[in-house]
Amino acid sequence: MFDQGLTVLRIRGIPVRLHITLLIFLPYVAYAAASQFSLVARSLGITREAMRLPPLAWGAVLAVGLFVAILAHELAHCAVALRNGMRVRSITLMMLGGVSLIERERPEHEAWMAFAGPLMSFGIGAVSYVAYRVLPAPAEVRVALLAFAITNGILGAFNLLPAFPMDGGRVLRGLLLRRLGPARATRVATTTGRAMAVVFGILGLLSWNLILVLIAAFVYMGASAEQARTSARDLLRGLPVARFMTDRLGEAYADEDPRAVAERLLRQNLVGARVLDDPRDGQDRREIGVVTFWDLARRLERGATPATIGAVMPVDVLRARVGDDATRSIEALASGEASAVAVLDEGEHVIGLVTPAEIQRALALAGALGVARGPLG
Ligand SMILES: [Zn+2]
(Lines give C-alpha, C1' and ligand atoms only; values in the text may rest on other atoms or scores of the structure.)
Protein backbone atom coordinates (compact mmCIF):
# COMPACT_ATOMS: atom_id res chain seq x y z
CA MET A 1 0.00 0.00 0.00
CA PHE A 2 2.96 2.35 0.59
CA ASP A 3 4.22 1.92 -2.95
CA GLN A 4 1.09 3.19 -4.68
CA GLY A 5 -0.04 6.61 -5.75
CA LEU A 6 0.50 9.23 -8.38
CA THR A 7 4.16 9.89 -9.21
CA VAL A 8 4.49 13.67 -9.19
CA LEU A 9 8.24 14.11 -9.46
CA ARG A 10 11.54 12.26 -9.37
CA ILE A 11 14.47 13.29 -7.22
CA ARG A 12 17.72 11.60 -8.27
CA GLY A 13 15.64 8.90 -9.92
CA ILE A 14 13.53 8.27 -6.79
CA PRO A 15 9.82 8.53 -7.61
CA VAL A 16 7.91 10.79 -5.21
CA ARG A 17 4.28 9.69 -4.99
CA LEU A 18 1.13 11.26 -3.65
CA HIS A 19 -1.16 8.72 -2.03
CA ILE A 20 -4.89 9.17 -2.48
CA THR A 21 -5.38 9.43 1.31
CA LEU A 22 -3.27 12.61 1.28
CA LEU A 23 -5.69 14.38 -1.06
CA ILE A 24 -8.63 13.43 1.16
CA PHE A 25 -6.71 14.52 4.23
CA LEU A 26 -5.35 17.84 2.94
CA PRO A 27 -8.53 19.90 3.66
CA TYR A 28 -8.50 18.64 7.25
CA VAL A 29 -4.83 19.59 7.67
CA ALA A 30 -5.60 23.02 6.19
CA TYR A 31 -8.45 23.47 8.68
CA ALA A 32 -6.25 22.41 11.61
CA ALA A 33 -3.41 24.66 10.41
CA ALA A 34 -5.87 27.58 10.13
CA SER A 35 -6.94 27.23 13.76
CA GLN A 36 -3.28 26.95 14.82
CA PHE A 37 -2.56 30.10 12.77
CA SER A 38 -5.36 31.99 14.55
CA LEU A 39 -4.05 30.82 17.91
CA VAL A 40 -0.51 32.03 17.15
CA ALA A 41 -1.87 35.35 15.81
CA ARG A 42 -3.89 35.89 19.00
CA SER A 43 -0.89 35.10 21.20
CA LEU A 44 1.15 37.71 19.27
CA GLY A 45 -1.67 40.24 19.69
CA ILE A 46 -2.38 40.47 15.93
CA THR A 47 -6.04 41.01 15.14
CA ARG A 48 -8.03 39.55 12.26
CA GLU A 49 -8.49 43.12 10.84
CA ALA A 50 -4.73 43.61 10.50
CA MET A 51 -4.49 40.71 8.00
CA ARG A 52 -5.16 40.66 4.30
CA LEU A 53 -5.77 36.90 3.94
CA PRO A 54 -8.26 34.96 6.07
CA PRO A 55 -6.81 32.29 8.43
CA LEU A 56 -8.21 29.50 6.22
CA ALA A 57 -6.12 30.70 3.25
CA TRP A 58 -3.05 30.68 5.50
CA GLY A 59 -4.10 27.24 6.68
CA ALA A 60 -4.02 25.98 3.08
CA VAL A 61 -0.56 27.51 2.52
CA LEU A 62 0.71 25.97 5.75
CA ALA A 63 -0.77 22.55 4.89
CA VAL A 64 1.03 22.46 1.53
CA GLY A 65 4.18 23.75 3.25
CA LEU A 66 3.89 20.97 5.82
CA PHE A 67 3.87 18.27 3.14
CA VAL A 68 6.90 19.86 1.46
CA ALA A 69 8.61 19.79 4.89
CA ILE A 70 7.63 16.11 5.27
CA LEU A 71 9.15 15.42 1.85
CA ALA A 72 12.40 17.09 3.01
CA HIS A 73 12.26 14.93 6.16
CA GLU A 74 11.95 11.78 4.02
CA LEU A 75 14.75 12.95 1.70
CA ALA A 76 17.03 13.26 4.72
CA HIS A 77 16.37 9.57 5.57
CA CYS A 78 17.01 8.65 1.93
CA ALA A 79 20.25 10.63 1.67
CA VAL A 80 21.73 8.65 4.58
CA ALA A 81 20.42 5.40 3.08
CA LEU A 82 21.97 6.11 -0.34
CA ARG A 83 25.28 7.17 1.16
CA ASN A 84 25.50 3.83 2.96
CA GLY A 85 24.84 1.65 -0.05
CA MET A 86 21.10 1.10 0.46
CA ARG A 87 18.60 1.60 -2.33
CA VAL A 88 15.49 3.79 -2.23
CA ARG A 89 12.57 2.46 -4.23
CA SER A 90 10.12 5.31 -3.64
CA ILE A 91 8.89 8.04 -1.34
CA THR A 92 5.14 8.20 -0.75
CA LEU A 93 3.41 11.14 0.89
CA MET A 94 0.23 10.00 2.56
CA MET A 95 -2.28 10.83 5.24
CA LEU A 96 -0.11 10.36 8.32
CA GLY A 97 3.12 11.61 6.79
CA GLY A 98 5.76 10.19 4.50
CA VAL A 99 7.02 6.67 3.88
CA SER A 100 10.35 5.88 2.21
CA LEU A 101 10.68 2.37 0.83
CA ILE A 102 14.30 1.42 1.36
CA GLU A 103 15.89 -1.75 0.04
CA ARG A 104 18.99 -3.56 1.20
CA GLU A 105 18.56 -2.12 4.67
CA ARG A 106 21.74 -2.21 6.70
CA PRO A 107 20.92 -2.44 10.43
CA GLU A 108 24.25 -0.94 11.50
CA HIS A 109 23.22 2.36 9.86
CA GLU A 110 19.60 2.34 11.06
CA ALA A 111 20.06 4.69 14.05
CA TRP A 112 21.66 7.47 12.05
CA MET A 113 19.33 6.98 9.08
CA ALA A 114 16.26 7.23 11.35
CA PHE A 115 17.65 10.25 13.20
CA ALA A 116 18.31 12.22 9.99
CA GLY A 117 14.58 12.80 9.36
CA PRO A 118 13.70 14.46 12.70
CA LEU A 119 16.99 16.38 12.46
CA MET A 120 15.79 17.84 9.13
CA SER A 121 12.42 18.76 10.72
CA PHE A 122 14.21 20.54 13.57
CA GLY A 123 16.43 22.29 10.99
CA ILE A 124 13.40 23.55 9.03
CA GLY A 125 11.79 24.63 12.32
CA ALA A 126 14.92 26.53 13.36
CA VAL A 127 15.26 28.31 9.99
CA SER A 128 11.57 29.31 10.08
CA TYR A 129 11.95 30.61 13.62
CA VAL A 130 15.02 32.70 12.71
CA ALA A 131 13.10 34.05 9.68
CA TYR A 132 10.20 34.96 11.99
CA ARG A 133 12.56 36.84 14.29
CA VAL A 134 14.65 38.75 11.75
CA LEU A 135 12.61 39.17 8.54
CA PRO A 136 10.93 42.56 8.18
CA ALA A 137 7.81 40.85 6.75
CA PRO A 138 4.11 41.76 7.17
CA ALA A 139 2.60 40.62 10.46
CA GLU A 140 0.58 37.74 8.98
CA VAL A 141 3.65 36.30 7.19
CA ARG A 142 5.50 36.34 10.50
CA VAL A 143 2.58 34.56 12.15
CA ALA A 144 2.74 31.88 9.42
CA LEU A 145 6.52 31.52 9.88
CA LEU A 146 6.14 31.06 13.62
CA ALA A 147 3.30 28.54 13.14
CA PHE A 148 5.45 26.64 10.61
CA ALA A 149 8.41 26.61 13.01
CA ILE A 150 6.23 25.22 15.82
CA THR A 151 4.70 22.52 13.55
CA ASN A 152 8.10 21.31 12.35
CA GLY A 153 9.45 21.29 15.90
CA ILE A 154 6.49 19.16 17.02
CA LEU A 155 6.90 16.92 13.96
CA GLY A 156 10.56 16.27 14.79
CA ALA A 157 9.89 15.69 18.49
CA PHE A 158 6.87 13.43 17.92
CA ASN A 159 8.79 11.30 15.44
CA LEU A 160 11.56 10.83 17.99
CA LEU A 161 9.22 9.13 20.49
CA PRO A 162 10.44 5.52 20.81
CA ALA A 163 7.33 4.13 19.13
CA PHE A 164 8.65 1.66 16.56
CA PRO A 165 8.16 1.78 13.53
CA MET A 166 8.37 5.56 13.98
CA ASP A 167 11.83 7.14 13.72
CA GLY A 168 12.52 7.18 17.46
CA GLY A 169 11.82 3.45 17.70
CA ARG A 170 14.26 2.82 14.86
CA VAL A 171 16.91 4.97 16.55
CA LEU A 172 16.35 2.89 19.71
CA ARG A 173 16.75 -0.41 17.83
CA GLY A 174 19.85 0.86 16.04
CA LEU A 175 21.43 1.93 19.33
CA LEU A 176 20.63 -1.40 21.02
CA LEU A 177 21.82 -3.45 18.06
CA ARG A 178 25.45 -3.77 19.03
CA ARG A 179 24.72 -4.58 22.65
CA LEU A 180 21.77 -6.97 22.23
CA GLY A 181 22.03 -8.32 18.68
CA PRO A 182 19.27 -7.92 16.06
CA ALA A 183 16.67 -10.30 17.55
CA ARG A 184 16.63 -8.85 21.08
CA ALA A 185 17.06 -5.25 19.88
CA THR A 186 13.97 -5.72 17.67
CA ARG A 187 12.03 -7.28 20.56
CA VAL A 188 12.76 -4.35 22.88
CA ALA A 189 11.95 -1.78 20.17
CA THR A 190 8.68 -3.41 19.08
CA THR A 191 7.52 -4.05 22.67
CA THR A 192 8.17 -0.39 23.51
CA GLY A 193 6.38 0.54 20.26
CA ARG A 194 3.28 -1.41 21.19
CA ALA A 195 3.23 0.07 24.69
CA MET A 196 3.50 3.58 23.19
CA ALA A 197 0.69 2.73 20.78
CA VAL A 198 -1.59 1.84 23.69
CA VAL A 199 -0.74 5.19 25.35
CA PHE A 200 -1.43 7.07 22.06
CA GLY A 201 -4.71 5.21 21.70
CA ILE A 202 -5.91 6.06 25.23
CA LEU A 203 -4.83 9.71 24.91
CA GLY A 204 -6.45 9.91 21.47
CA LEU A 205 -9.75 8.52 22.72
CA LEU A 206 -9.78 10.72 25.84
CA SER A 207 -9.13 13.88 23.79
CA TRP A 208 -11.28 12.82 20.80
CA ASN A 209 -8.18 13.12 18.62
CA LEU A 210 -8.88 10.85 15.66
CA ILE A 211 -5.40 11.35 14.18
CA LEU A 212 -3.73 10.12 17.34
CA VAL A 213 -5.99 7.04 17.37
CA LEU A 214 -5.03 6.32 13.74
CA ILE A 215 -1.34 6.73 14.57
CA ALA A 216 -1.81 4.36 17.53
CA ALA A 217 -3.29 1.70 15.22
CA PHE A 218 -0.52 2.24 12.65
CA VAL A 219 2.24 1.94 15.27
CA TYR A 220 0.67 -1.11 16.92
CA MET A 221 0.25 -2.99 13.65
CA GLY A 222 3.68 -1.94 12.36
CA ALA A 223 5.44 -3.07 15.55
CA SER A 224 3.56 -6.39 15.61
CA ALA A 225 4.32 -7.09 11.95
CA GLU A 226 8.03 -6.37 12.41
CA GLN A 227 8.15 -8.62 15.48
CA ALA A 228 6.46 -11.48 13.59
CA ARG A 229 8.82 -11.00 10.64
CA THR A 230 11.91 -11.06 12.82
CA SER A 231 10.85 -14.14 14.81
CA ALA A 232 10.00 -16.01 11.62
CA ARG A 233 13.35 -15.10 10.06
CA ASP A 234 15.07 -16.23 13.22
CA LEU A 235 13.44 -19.64 12.94
CA LEU A 236 14.70 -20.03 9.39
CA ARG A 237 18.21 -18.76 10.12
CA GLY A 238 20.97 -21.32 9.68
CA LEU A 239 18.95 -23.73 7.52
CA PRO A 240 20.51 -24.70 4.17
CA VAL A 241 19.24 -22.88 1.10
CA ALA A 242 18.17 -26.21 -0.44
CA ARG A 243 15.31 -26.34 2.11
CA PHE A 244 13.58 -23.44 0.37
CA MET A 245 14.43 -24.36 -3.17
CA THR A 246 12.02 -25.52 -5.80
CA ASP A 247 13.39 -27.71 -8.59
CA ARG A 248 10.41 -27.27 -10.93
CA LEU A 249 12.68 -25.80 -13.57
CA GLY A 250 12.52 -26.15 -17.33
CA GLU A 251 14.89 -25.03 -20.05
CA ALA A 252 14.74 -22.23 -22.58
CA TYR A 253 17.00 -21.05 -25.38
CA ALA A 254 18.24 -17.48 -25.23
CA ASP A 255 16.81 -16.78 -28.71
CA GLU A 256 13.35 -18.21 -27.92
CA ASP A 257 10.13 -16.19 -27.95
CA PRO A 258 9.20 -15.26 -24.34
CA ARG A 259 5.54 -16.14 -25.04
CA ALA A 260 6.42 -19.69 -25.99
CA VAL A 261 8.45 -20.08 -22.79
CA ALA A 262 5.63 -18.64 -20.67
CA GLU A 263 3.15 -21.09 -22.22
CA ARG A 264 5.51 -23.97 -21.49
CA LEU A 265 5.94 -22.94 -17.84
CA LEU A 266 2.18 -22.74 -17.47
CA ARG A 267 1.51 -26.07 -19.19
CA GLN A 268 4.15 -27.98 -17.24
CA ASN A 269 3.57 -26.15 -13.94
CA LEU A 270 7.17 -24.87 -13.70
CA VAL A 271 8.40 -21.88 -11.73
CA GLY A 272 11.24 -20.95 -14.06
CA ALA A 273 13.71 -22.03 -16.69
CA ARG A 274 17.47 -22.29 -17.12
CA VAL A 275 18.44 -20.13 -20.07
CA LEU A 276 20.90 -21.74 -22.51
CA ASP A 277 22.88 -19.66 -24.99
CA ASP A 278 22.40 -19.73 -28.76
CA PRO A 279 23.82 -22.82 -30.49
CA ARG A 280 27.32 -22.52 -31.89
CA ASP A 281 28.62 -25.17 -34.24
CA GLY A 282 30.17 -28.11 -32.55
CA GLN A 283 29.77 -26.68 -29.04
CA ASP A 284 27.37 -27.59 -26.29
CA ARG A 285 24.92 -24.95 -25.18
CA ARG A 286 25.94 -23.28 -21.94
CA GLU A 287 23.75 -22.08 -19.11
CA ILE A 288 23.81 -18.30 -19.07
CA GLY A 289 21.14 -17.57 -16.46
CA VAL A 290 17.61 -18.23 -15.29
CA VAL A 291 14.18 -16.65 -15.74
CA THR A 292 11.34 -17.02 -13.27
CA PHE A 293 7.61 -17.16 -14.06
CA TRP A 294 7.44 -13.82 -12.28
CA ASP A 295 9.94 -12.12 -14.65
CA LEU A 296 7.95 -13.42 -17.61
CA ALA A 297 4.54 -12.49 -16.20
CA ARG A 298 5.69 -8.95 -15.44
CA ARG A 299 7.23 -8.39 -18.86
CA LEU A 300 4.27 -9.85 -20.76
CA GLU A 301 1.82 -7.83 -18.67
CA ARG A 302 3.64 -4.60 -19.47
CA GLY A 303 3.00 -5.22 -23.16
CA ALA A 304 6.35 -4.33 -24.69
CA THR A 305 7.80 -7.84 -24.57
CA PRO A 306 11.35 -8.28 -25.85
CA ALA A 307 11.79 -10.58 -28.85
CA THR A 308 13.94 -13.11 -27.02
CA ILE A 309 13.98 -14.73 -23.60
CA GLY A 310 17.62 -13.66 -23.24
CA ALA A 311 16.44 -10.05 -23.00
CA VAL A 312 13.87 -10.92 -20.29
CA MET A 313 16.48 -12.67 -18.14
CA PRO A 314 17.06 -10.60 -14.99
CA VAL A 315 20.59 -9.59 -14.04
CA ASP A 316 19.95 -9.41 -10.30
CA VAL A 317 19.68 -13.16 -9.71
CA LEU A 318 21.81 -14.15 -6.76
CA ARG A 319 23.72 -17.44 -6.75
CA ALA A 320 24.07 -19.81 -3.81
CA ARG A 321 25.50 -23.31 -3.31
CA VAL A 322 23.11 -26.04 -2.38
CA GLY A 323 24.61 -26.42 1.13
CA ASP A 324 24.87 -22.68 1.87
CA ASP A 325 23.16 -21.12 4.87
CA ALA A 326 19.87 -19.63 3.64
CA THR A 327 20.14 -16.47 5.77
CA ARG A 328 21.84 -14.40 3.08
CA SER A 329 19.32 -15.51 0.42
CA ILE A 330 16.35 -14.79 2.71
CA GLU A 331 17.66 -11.29 3.47
CA ALA A 332 18.32 -10.56 -0.21
CA LEU A 333 14.85 -11.68 -1.31
CA ALA A 334 13.03 -10.06 1.62
CA SER A 335 14.77 -6.71 1.07
CA GLY A 336 14.19 -6.74 -2.69
CA GLU A 337 17.92 -6.82 -3.45
CA ALA A 338 17.48 -9.92 -5.64
CA SER A 339 14.41 -11.15 -7.54
CA ALA A 340 15.47 -14.80 -7.27
CA VAL A 341 18.28 -17.01 -6.00
CA ALA A 342 19.67 -19.66 -8.33
CA VAL A 343 20.86 -22.72 -6.41
CA LEU A 344 23.96 -24.38 -7.88
CA ASP A 345 25.34 -27.88 -7.40
CA GLU A 346 29.03 -28.80 -7.21
CA GLY A 347 29.32 -28.71 -11.00
CA GLU A 348 27.99 -25.10 -11.19
CA HIS A 349 24.67 -26.26 -12.67
CA VAL A 350 21.46 -24.57 -11.66
CA ILE A 351 19.43 -27.24 -9.88
CA GLY A 352 16.73 -25.07 -8.39
CA LEU A 353 15.38 -21.63 -7.59
CA VAL A 354 14.39 -19.73 -4.50
CA THR A 355 11.91 -16.93 -5.21
CA PRO A 356 10.14 -14.53 -2.81
CA ALA A 357 7.12 -16.85 -3.07
CA GLU A 358 9.09 -19.74 -1.50
CA ILE A 359 10.40 -17.49 1.27
CA GLN A 360 6.96 -16.06 1.98
CA ARG A 361 5.53 -19.54 2.26
CA ALA A 362 8.30 -20.62 4.64
CA LEU A 363 8.03 -17.40 6.69
CA ALA A 364 4.26 -17.77 6.97
CA LEU A 365 4.58 -21.34 8.19
CA ALA A 366 7.46 -20.58 10.56
CA GLY A 367 5.60 -17.55 11.92
CA ALA A 368 2.41 -19.55 12.41
CA LEU A 369 4.21 -22.38 14.12
CA GLY A 370 6.13 -19.95 16.27
CA VAL A 371 7.82 -22.93 17.84
CA ALA A 372 11.38 -23.69 18.85
CA ARG A 373 13.71 -24.79 16.09
CA GLY A 374 13.08 -28.50 16.70
CA PRO A 375 10.67 -29.51 13.94
CA LEU A 376 12.42 -27.37 11.32
CA GLY A 377 15.85 -28.78 11.93
ZN1 LIG B 1 11.02 9.93 9.53
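Me: Happy to start with a term: a polar contact is a pair of N or O atoms within 3.5 Å, where, within protein, one must be able to donate a hydrogen and the other to accept it, and residues adjacent in sequence count only if both atoms are side-chain atoms. What makes the pairing of the H19 and T21 side chains a polar contact?

Reply: The side chains of H19 and T21 are 2.9 Å apart in their polar contact, and the limit is within 3.5 Å. Bear in mind that this is a predicted model, where local features need pLDDT of at least 70, side-chain atom pairs count only at pLDDT 80 or more, and totals for chains, interfaces and linings use all residues. Residues are numbered from 1 along each chain as its sequence is written, and side-chain values use heavy atoms, leaving out hydrogens and water.

Me: Thanks! Where is H19 found, and is H19 buried or exposed?

Reply: H19 is in the loop between strand 2 (14-18) and helix 1. Its relative accessibility is 7%, so H19 counts as buried (buried is under 20% relative accessible area, exposed over 50%, partly exposed in between, with a 1.4 Å probe and protein chains only).

Me: Why is the pair of F37 and W58 called stacked?

Reply: The structure holds 6 aromatic pairs. In the pair of F37 and W58, the ring centres are 5.7 Å apart and the planes lie at 15°, so the pair is stacked. For rings of Phe, Tyr and Trp (its six-membered ring), pairing needs centres within 6.5 Å; planes under 30 degrees apart count as stacked, over 60 as edge-to-face and the rest as tilted.

Me: And how do you know that F37 is buried?

Reply: F37 has 0% relative accessibility, so F37 counts as buried. W58 is buried too, at 12%.

Key:
Helix = DSSP H or I, 4+ residues; strand = E, 2+ residues; numbered from the N terminus.
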